[in-house]
Amino acid sequence: MPTASPRTTAVCAVIAAALAAGLLTGAASPAASASAAPSSDGPVRIHDIQGDTRISPLAGRQVGGVPGIVTGVRTYGSKGFWFQDPHPDADPATSEGIFVFTSSTPTVAVGDAVTVSGTVTEYVPGGTASGNQSLTQISRPTVEVVSSGNALPAPVTISERSVPSRYTPAGDPAAGGSVDALRLAPSRYALDFYESLEGMNVRIGSSRVVGATDPYAELWVTVKPHENANGRGGTVYGSYDSQNTGRLQVQSLVPLAEQPFPTADVGDVLSGTTEGPLDFNQYGGYTLAARNLGEVTGKGLRREKTRKQRGGELAVATYNVENLDPTDPQEKFDALAAAVVDNLASPDIVALEEIQDDNGATDDGTVTAGRTVEKFVDAIVAAGGPAYQWRSVDPQDKKDGGEPGGNIRQVFLFNPERVSFTDRAGGDATTATGVVRERGRAALTHSPGRIDPANAAWENSRKPLVGEFVFRGRTVFVVANHFASKGGDESIVSQHQPPTRSSEVQRHAQAAVVNTFVKKLLKVQRNADVLVVGDINDFEFSGTTRALTDGGVLYPAIESLPRPERYSYVYQGNSQVLDQILTSPSIRRFAYDSVHINAEFAAQNSDHDPQVIRFRP
């Protein structure tokens, strides 16, 4: 991010607009009464401004002549600088550092002793609707440089020993579940510990990377190497209460033109000392804005390869190919195809998510995806894979969410030399597929077809695609899904604890619809082989998964793996499950694999890891 990316430019514009509108300078919140009052002796100090809660007791007020030493300067995005009082108070809950938002490039330098006058504001990254905690800062500043070349305040070391194991206190019910007004307890809770250091000069020692370098020049490390660790170097998010307290985002204050940001994969080590102010931002919460950045020591993480299915095994995979369309470079098609052949061992059936229409994001009413799929199938053949056939149902224009104009949908690929598809005409975007009895066994009325597409659960979301396959004379039903995203959910660093997960309401409804459909199949044929696969956009321990499995009709196959191996996605340093394959009771014995080829790597062909199941129908 040390160049003006669209994201940082937008953040800067939001702050400036909010300041111009007076949105950041309102009266102090009720939290002010619970915070440490500024001393009446001498000038206001930074710890007086920060107070001992998340909200400044001086929010909305003018302060003058606040002294400190500059510890970091940011010349991109939200421009400004951090400064810190070299003479701290005795309260561990009050930070001694603070950010000064200048809006234009700061004219101070690290080591300058300054006095700052301005307005104390509480800026909420992402806006108040995001639920995020706020960042205490000084806005509209007047800055006087007193001297230069001063020694910096000694950094506070963030380490395995210093960060508490408990993540956060519960929010105050009387305040809507907010923790804002609660006095910080930095020795008890990780979020309170980080908040008590907001704006201060901090350091970490050599730390393992748990979130790969992303396009915005940032990565995630953990200062707790044993916290929910997996064998590939990540940190597993295994429940709503295992947020992983040692995770910390790292950015650089040095412009990319002067020092390119290092490329790191999960499991690598950010070696040496990384030091700088502790920031709080929209895209990850507490962030070490590095003035001095350590060096990445590569550990050579390899992309996994699953084994080939044996003669009597049916291999079924699900793979989110991240908005694939014909305008993507051939290199993307080739890389995804090579993954299907080399890493997934050419499964018999592949359910694809995020296949876009034939002209991608161009919004001209196009809904067909034949060009997209054929280009992918041809790339698979060129990579040495089978000549897959495919089935899908075109969506209605602009009815299934995703990138505007892209009309994403699910698609089945199948190897006709290993498995056949039972075509039953009549399936389209608005027609619901039903279940009937045919020669004593369950069958679909339309194959391929969609499950209850008019149900409100699928508003602006992908409708499930269901198909009827035959392998060695045995019918297998596969339901390909791409449930509603987590957009709109509050972050795990939200001011509300626990955070509000508003998006799961729709996923719960979607899961109930799919569960009902599976129950219809099993009512007609108790031993029907059913696989529910895809980007479920929710965890194996979530209410969504519970709704899918209601009545024991499905089992989340990823739970057959050891806990450290349960993940398909890495988000903000947490390795977590989003992609799943669920099995009906007749599928008792199977081999399951979450094939880690994307999510842990800086170089990605998709942000999801594909899932594969092998079983004998």
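Predicted model: local features only at pLDDT ≥ 70, side-chain atom pairs only at ≥ 80, totals over all residues.

Student: OK, so is R424 buried or exposed?
Tutor: R424 has a relative accessible area of 18%, so R424 is buried.

Student: Where is R424 found?
Tutor: In the loop between β19 (420–421) and β20.

Student: And which side chain does the R424 side chain make a polar contact with?
Tutor: That of E438, at 3.1 Å. Leaving aside residues up to four places away in sequence, R424 also touches others, including A443, L444, H446 and E468.

Student: Switching to α6. Why does its length make sense?
Tutor: Helix α6 runs over residues 504–524, which is 21 residues, and at 1.5 Å a residue it should span 30 Å. The end C-alpha atoms of α6 are 30 Å apart, so the two agree.

Student: Which residues of α6 are buried?
Tutor: Among them are R507, Q510, V514, F517, V518, L521 and L522.

Student: What covers them?
Tutor: The cover over the buried residues of α6 includes strands β20 (435–438), β21 (441–444), β23 (465–471), β24 (474–482) and β25 (529–535), plus helix α7 (543–548).

Student: Last one, T327. Buried or exposed?
Tutor: Exposed, because its relative accessibility is 59%. T327 lies in the loop between β15 (314–324) and α4 (330–343).

Student: What does the T327 side chain make a polar contact with?
Tutor: The side chain of D325, at 2.3 Å.

How values were computed:
Residues numbered from 1 in each chain as written. Heavy atoms only, no water. Helix = DSSP H or I, 4+ residues; strand = E, 2+ residues; numbered from the N terminus. Buried < 20%, exposed > 50% of the residue type's maximum accessible area, 1.4 Å probe, protein only. Polar contact = N/O pair within 3.5 Å; in protein donor to acceptor, adjacent residues only side chain to side chain. Expected span 1.5 Å × (residues − 1). Contact = heavy atoms within 4.5 Å.
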